[in-house]
Amino acid sequence: MRWSKFFIPTLREDPADAEVVSHKLLLRAGLIRQLSAGIYSYLPLGQRVALKVMQILREEMNAIGGQEFFLPALQPAEIWQESGRWGAIGDEMFRLKDRKGTDLCLGMTHEEVFTTIARNEVRSYKQLPQVWYQIQIKFRDEARPKSGLMRLRTFIMKDAYSFDVDRAGLDKSFVDQREAYKKIYQRCDIPFLIVEASSGAMGGTESNEFMTRTPAGEDLIVSCPNCGYAANQEKAVSRLAAVTDETGPAAPEQFPTPGVRTIEDLITFPGGAEAARQIKSLVFFATIDGEQRPVLVLLRGDHQLHEIKLADSLRASAVRPAQPEEIRELLGAYPGSLGPVGAREKHPALFIIADNALKGRRNMTTGANTDDRHIRGVEVDRDFKADVWTNLRTVEAGEGCPNCESGVLEVFKGMEIGHIFKLGTKYSESMGATVLNQEGKEVPIVMGSYGIGVDRIITAAIEQHHDEDGIIWSQSLAPFDVVVTITNMKQDDLRAAGEKLYEELQRAGLDVLLDDRDDRAGVKFKDADLIGIPFRITVGKGVAEGLVELFNRKTRSSENVTMTDVVSQVQRHASSSS
Ligand SMILES: [Zn+2]
């Protein structure tokens, strides 16, 4: 490929609206252009990288027995209604009607379509296991699309699905995928960690998220440097220091607390309590099976609620904080004076869910469900009962590891680069995908679902490998293996030498970009650094002695090499690092 003919619209300056490094570099190096919010076009250089990623995904999926499909992006509402997700998924789904008024959607994932194929075609355990995958465009109506290719409204995914006759089969399929994912990230040179995560709208029993640690990430990862425990903060647990409570009064006592509205107010109020001795009481509405239900959420005063944990614990499709007027209607008081004692008597349908850190606590202080009044001496289980005890609090750095004795947890930013789910029989039961097992009994197929975003891989690779001059592609993802830069197009000997190398490198099976533009050498070097090709061969004045310069983009080292040796040297580098 000749640079003079190839469309690489590089930019000198950082685009004003780009915040994260990958977004800036994707635009500056001419890989992508924005069409509208969360919608991008891949330009030729970007497409070359995307195709490299897809090839790696294909090879690793095929290596574990995956069979490639290509399913429609446009899907009928009917199958989503069967699975129950037409109602369960909210505004994130792009929905439309055809000319007859029939409901359709643009697929955000393909469990329903693959399950439809399986239920129509697979009859017997003898046809299982199956591993099916595709590389497809997906759609998601993100509330706040941003950061270049990180949060998109249309994106490219490799999604795979496994179909087994039983749990043991699923366990094996899940491990196969996890191992394949490890190989994919290794080949793409992206450092990763595997974390426990919430399954969210996918459902199922277990999921692993693949994360790469980067300040550009939007997730928080909780990890133990001592034992390797790692979890998304939305799922993480921690071990707290034991608390010994003094014995309180025989019954709780109400007391006036004029003007006290917050945990902090009550700490400093005379006769109040330190935060760890308070019961924080929050009212939420949870959408469960399409219905909004009031929930009283209880936490220790110094702990913060993680809303995803709340939604997961309740198996709710959404949760939202109740408005002050709704709260007053439910409990007879405004926020700031709420508490669990007597709450259910005020509203029998109220569901009370409490964080484990409150278990067994005595002599606690909380709101009285009367404005400007609190109660002290509250004992858990004596003065109120929770419907569910669970893990609701946000784990913070410095808390104890749940997995080992001495570990202290760290919290850092990470970006999700893959997610694998044990779906179990959620889709096969709701959609009626069954097979006859070995005993001739009809059983639902046991499924798994496994996704990797192509755009995410590209983003992560750039976030992990760049410097102030531009992108540093690994050989495996680079749009070209090598760029040949002719320093001065006006010199016939340099041009001839460059053309000769260009041909020889191509004949050696390498992807070569020949920088034959009529520009100053400095401009060409800057552009080559920016687009991040692993090797640059500079054809300059050394040519008179048969020498060219071989420049390594990653190490920034260069050496003079004879024109006869340079082809085999690049070839050796390319094959050893791919
Ligand atoms: Zn640990």
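I looked up the spacing of the zinc donors first: along the chain it reads C-x2-C-x173-C-x2-C. This is a predicted model, where local features need pLDDT of at least 70, side-chain atom pairs count only at pLDDT 80 or more, and totals for chains, interfaces and linings use all residues. Residues are numbered from 1 along each chain as its sequence is written, and side-chain values use heavy atoms, without hydrogens and water.

**Zinc site.** I listed the protein donors (N, O and S atoms within 2.8 Å of the metal, 3.2 Å for Na, K and Ca; water is not among the atoms, so sites may look incomplete). They are the SG atoms of C224, C227, C401 and C404, at 2.2 to 2.3 Å from the zinc ion. The 4 donor atoms subtend angles of 106 to 116 degrees, so the arrangement is tetrahedral (four donors, all angles between 85 and 135 degrees).

I then checked accessibility (buried is under 20% relative accessible area, exposed over 50%, partly exposed in between; 1.4 Å probe, protein chains only). C404 is buried at 15%. C227 is partly exposed at 35%.

**Disulfides.** I searched the whole structure for pairs of cysteine sulfur atoms within 2.5 Å and found 0 disulfides. C188 is buried, at 1% relative accessibility.

**Helix α6.** I took helices as DSSP runs (H or I, at least four residues), numbered from the N terminus. At 1.5 Å times one less than the number of residues, the 21 residues of α6 (167-187) should span 30 Å, and the end C-alpha atoms are 30 Å apart, which agrees. Its buried residues include L170, F174, Y181 and I184. On the other side of α6, I found A168, K172 and Q186 exposed. Just after α6, D189 has a positive phi of about 60 degrees.

Key:
Helix = DSSP H or I, 4+ residues; strand = E, 2+ residues; numbered from the N terminus. Tetrahedral: all angles 85-135°; square planar, octahedral: opposite > 155°, others 65-115°.
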